Amino acid sequence: MEKKKIFLILLILGTAFWGISFSVTKLAIGHSSSSTFLFYRFSAATMVLSVIFFKRIKALSLKAIKTGVELAIPLTAGIYLQTLGIKYSSASQCAFVAGMCVVIIPMMKILFYRSFPPLKVWIAAAIALAGLFIISIKNDFTVNIGDLYTIAGSFAFAFYLIKVEKHSGREDIVSTVVPMFAACALITFCLALTDSNANWMPQNNEFWIGIVFCSLFSTAYMYTISNVAQRYISAERVSIIYLFEPVFGAIAAFFILGEELSWRLVLGGSLIFGAMLISELKYPRWSLFKKQCLIIWSGIVFKLMVCHFSIAVSICLISTSLFIG
């Protein structure tokens, strides 16, 4: 089996861990501080990965440490904001809103790097966004503070994925994992020191169960796999694979928290799955398809030229941007 397909499966498994972590985190931080929870989570993940990558730690370079710290800043911001979102919103709602990352990544690449993803990625992103809309937007179109925290976290997480893709193409990204989580632990420790509600030794079992689950599965496992996977899969496609997260998140919230599992999840989840297929499938006849579309558009433009020259010019520009290149 190709490495790309192996990492695709491992990423989907990891999104299940992430989806479950929304419910686990909501239980854990119900009466505790978000910052102390994240400090313990990142500290435990750092210790576990230090044992696994002991040989790499002995050979750590200054460059790997700098890269790890650079990646830790947007990652910590993303997870911290989304953890705040879980505190003020339902676990399933937070999981769905977090999926906005799939649309944010292509936009940020255009804005900062002038990098234009393939057309099929845009189509997949649009379909995925439609799925998220169906799942998350209720009849009254309400938006609470938890959703705003989560959206802000999605921007930070999108930036993190883009930076990982950039570094994974030119250096050994695995060597940066332990320094990255160590830096995350240090940042959240500083946040906890400034938190007046910080409780360093909570007595509820849910808090410590959440630490174990989130540190091992949704942190140590998932972020290591995702960082390595981006050698073979682009940030846009990784973010679309991550859209399985809200589906797993809603299912976990139904069983763990008793939250609603409605027809929206089935329909929206189907669109998300379709988006992933569009993103991942290869189209050997794609160039031929673009030429056929261009011929059709040319015929339409010619007819419109008879009616109105300005409309024809506008459509020429649109067709050229979509099908030529």
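Predicted model: local features only at pLDDT ≥ 70, side-chain atom pairs only at ≥ 80, totals over all residues.

User: How many helices and strands does the protein have?

Analyst: Helices (H or I, at least four residues) and strands (E, at least two) are DSSP runs, numbered from the N terminus. Here there are 15 helices and 0 strands.

User: What percentage of the residues is buried?

Analyst: Buried means under 20% relative accessible area, exposed over 50%, and partly exposed in between, with a 1.4 Å probe and protein chains only. Of the 325 residues in the protein, 50% are buried.

User: How do helix H2 and helix H10 cross?

Analyst: Axes are lines fitted to C-alpha atoms, for helices over the stretch in contact, and angles run from 0 to 180 degrees between N-to-C directions. Angles under 35 degrees count as roughly parallel, over 145 as roughly antiparallel, 65 to 115 as roughly perpendicular and the rest as oblique. The axes of H2 (residues 34–52) and H10 (residues 205–229) come within 8 Å and cross at roughly 55 degrees. H2 and H10 are therefore oblique to each other. A crossing is right-handed if the near helix is turned clockwise from the far one by less than a right angle, and left-handed if anticlockwise. The crossing of H2 and H10 is right-handed.

User: Which residues of H2 and H10 meet?

Analyst: From H2 they include Phe37, Tyr40 and Arg41. From H10 they include Phe207, Trp208 and Tyr223. By class, the contact of H2 with H10 has 14 nonpolar, 6 polar and 1 charged residues. Ala, Val, Leu, Ile, Met, Phe, Trp, Tyr, Cys and Pro count as nonpolar, Asp, Glu, Lys and Arg as charged, and the others, Gly among them, as polar.

User: Now H1 and H4. At what angle do their axes cross?

Analyst: The axes of H1 (residues 3–28) and H4 come within 9 Å and cross at roughly 70 degrees. H1 and H4 are therefore roughly perpendicular to each other. Their crossing is right-handed. Phe22, Thr25 and Lys26 of H1 make the contact with Thr83, Ile86 and Lys87 of H4. That contact divides into 2 nonpolar, 2 polar and 2 charged residues.

User: Is Thr83 buried or exposed?

Analyst: Thr83, in helix H4, is buried, with a relative accessible area of 3%. Leaving aside neighbours within four places in sequence, Thr83 is in contact with Thr25, Ile29, Ser34 and Leu38. Thr83 and Lys26 are 57 residues apart in sequence, yet 8.3 Å apart from C-alpha to C-alpha.

User: What does Gln82 contact?

Analyst: Gln82 lies in H4 (residues 62–88). It counts as buried because its relative accessibility is 13%. Beyond neighbours within four places in sequence, Gln82 is in contact with Cys94, Ala98, Tyr149, Thr150, Gly153 and Ser154. Cys94 is itself buried, at 0%.

User: How many disulfides are there?

Analyst: A disulfide is a pair of cysteine sulfur atoms within 2.5 Å. The count here is 0.

Definitions and conventions. Residues numbered from 1 in each chain as written. Heavy atoms only, no water. Contact = heavy atoms within 4.5 Å.
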